[in-house]
Amino acid sequence: MSPTSSSRRRTLTAGALAATAALVAAGVQFSTATAASGRDSAIAKAKANVSRNADLFGFGSGQDLQVKDVIIDRDGTQHVRFDRTYQGLPVIGGDLVVHQDSHGKLKDSSRAKGHNPSVKTTVPAVPAQTTAAKALAAAPDVNSATSEPQLVVWAADGGARLAWQTTVSGLGKQGQPSGRVIVTDAATGEEIEAFDSEREATGTGHSEYTGDISIATTQQTNGSYALIDPVRGHTTKDAHNLAAGSVKASSGTLYTDADNIWGDGKKFSTDRATAAVDAHANTAWTYDYYKNTFGRNGIKNDGKGATVFVHVGTNWDNAQWSDACFCMMTGDGNGTTDPEQVDLDTMGHEMTHGVTSATANLRYSGESGGLNESTSDIFGTMVEWYANNSVDTPDYLFSDQSTPPWLRRFDKPSLDGSSADCWSSKVGRLDVHNSSGVGNHWFYLASEGSGAKTINGVAYNSPTCNGSTVTGIGNQKVAAIWYRALTVYMTSTTTYKGARTASLSAATDLYGANSAEYKAVAAAWSAVSVS
């Protein structure tokens, strides 16, 4: 896993889904055609009820009804929701609901304030260009903005007047999609109302690795929900199996959903949103770890969120960070034993490559490359400890969920058959994923100490290269020291000897040169033969 330089979605309408759910709850057996037929019948009868009761509904010449939703109760009662138009223009505040029995007889009604939407003219005195310019000026917090006016009948306050409803779309302060809707009188240009077009919401995710979880989503102007985190700024997209080398920031498709319930919680899931749930949630955990632990505001510490791509490549058993597209890319595993690469420590690992790039920028070769990989392993693991999820319990086994039983481990890295436990002059010639073992082993010893112990149900037995006994100081302290060393003292060509010096300087800054923490860091480095 390295940095680089540079199920079919549901297509039923909300109304059809609601009607279907009601029939299922009643234990009714039905075909798709039967459900559609019942919906069509309810709509036709509701329209007839509006026409027959025109005074009640304020329905008159020039108006039309547009079906928005249909709900059929267990006893057959029908609730048909309409939006209204006047001479082809949307009527804001003119919506209504017709409540009728199973035979279509009117029982009651629910109506918005716009009872009579007729206006004297549908020709605006204020031109669209003027309105668009004023709307842009009224939304200064939306960056790279575009302005799209729409002529409407504004009846939300009970009256009716011709108005411009202008949507300003662009980017928020964290780089996330953002927007503002400004409503102005089409005769005078007076502002009537303004509100955000993107609304924060909390969705329910059925994840592959961490159980049922809440995820931060954004409600869009059409009522659907998108995997856009409005707080942290990251966006999650389906790459549609585009090869990693071809992925750009503009690639893929943003995940959207009608009911804000995502995924099915299965491994090797055919529901393409399941991997997105893990990726979206685990990116949030990573962001929160850096923010709440170190005060770091995003990968580059500039408040901007990344783009996260799932379903990259075909049977691509990997994940990758790219500076070029400022994005994370995750594959679907090997298709047989390894599922999607979106588990918590893997996502934390990839995001950390971006943090390293924005700070010490450790070269991805030789010993500095091993330190780059080790840094991502360390902080990916710390994200897991920070989240403290009951399904994916914290451990020192990197990528144990997506690459069972683990891809790399910290207590004795050589157990994978390739990684180094101890430093030697040959370490720099190893693949960076294997030379990282020295840093990972140091981190474990400094955190937990040497010898055998069981942590969260996992048995570890960490040796030392010099035969010493090391007492750990806890991973939170070691991570704090490593973060300061990375962001303050390390450079692009730092070696393991340089990392020892950097981390001791960081320990001095944080805890003092004569502290137990300083001594533990030094002892752990000596224990992996770095002096």
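**Notes on the model**

1. Leucine 96 lies opposite arginine 111 of strand 6. The strands concerned, strand 5 (residues 96–100) and strand 6 (residues 106–111), run antiparallel and are joined by five bridges. Strands pair if DSSP finds at least two bridges between them. Helices (H or I, at least four residues) and strands (E, at least two) are DSSP runs, numbered from the N terminus.

2. On provenance: the model is predicted, local features need pLDDT of at least 70, side-chain atom pairs count only at pLDDT 80 or more, and totals for chains, interfaces and linings use all residues. Residues are numbered from 1 along each chain as its sequence is written, and side-chain values use heavy atoms, with hydrogens and water left out.

3. Strand 5 and strand 6 form a hairpin with five residues between them. Within the turn, glycine 104 has a positive phi of about 90°.

4. Phenylalanine 326 has a positive phi, near 50°, and is located in the loop between strand 19 (319–322) and strand 20 (327–331). Its relative accessible area is 16%, so phenylalanine 326 is buried (under 20% relative accessible area; exposed is over 50%, partly exposed in between, with a 1.4 Å probe and protein chains only).

5. Asparagine 388, also not a glycine, has a positive phi of about 50°. This residue is in the loop between helix 7 (366–387) and strand 21. Asparagine 388 counts as exposed because its relative accessibility is 55%. As background, most residues other than glycine have a negative phi, and most peptide bonds are trans.

6. The peptide bond from proline 404 to proline 405 is cis, with omega near 0°. Proline 405 belongs to the loop between strand 21 (397–398) and strand 22 (408–409).

7. How do helix 6 and helix 7 pack, and at what angle? The angle between helix 6 (residues 344–358) and helix 7 is about 130°, and their axes are 7 Å apart. Axes are lines fitted to C-alpha atoms, for helices over the stretch in contact, and angles run from 0 to 180 degrees between N-to-C directions. The two helices are therefore oblique to each other (angles under 35 degrees count as roughly parallel, over 145 as roughly antiparallel, 65 to 115 as roughly perpendicular and the rest as oblique).
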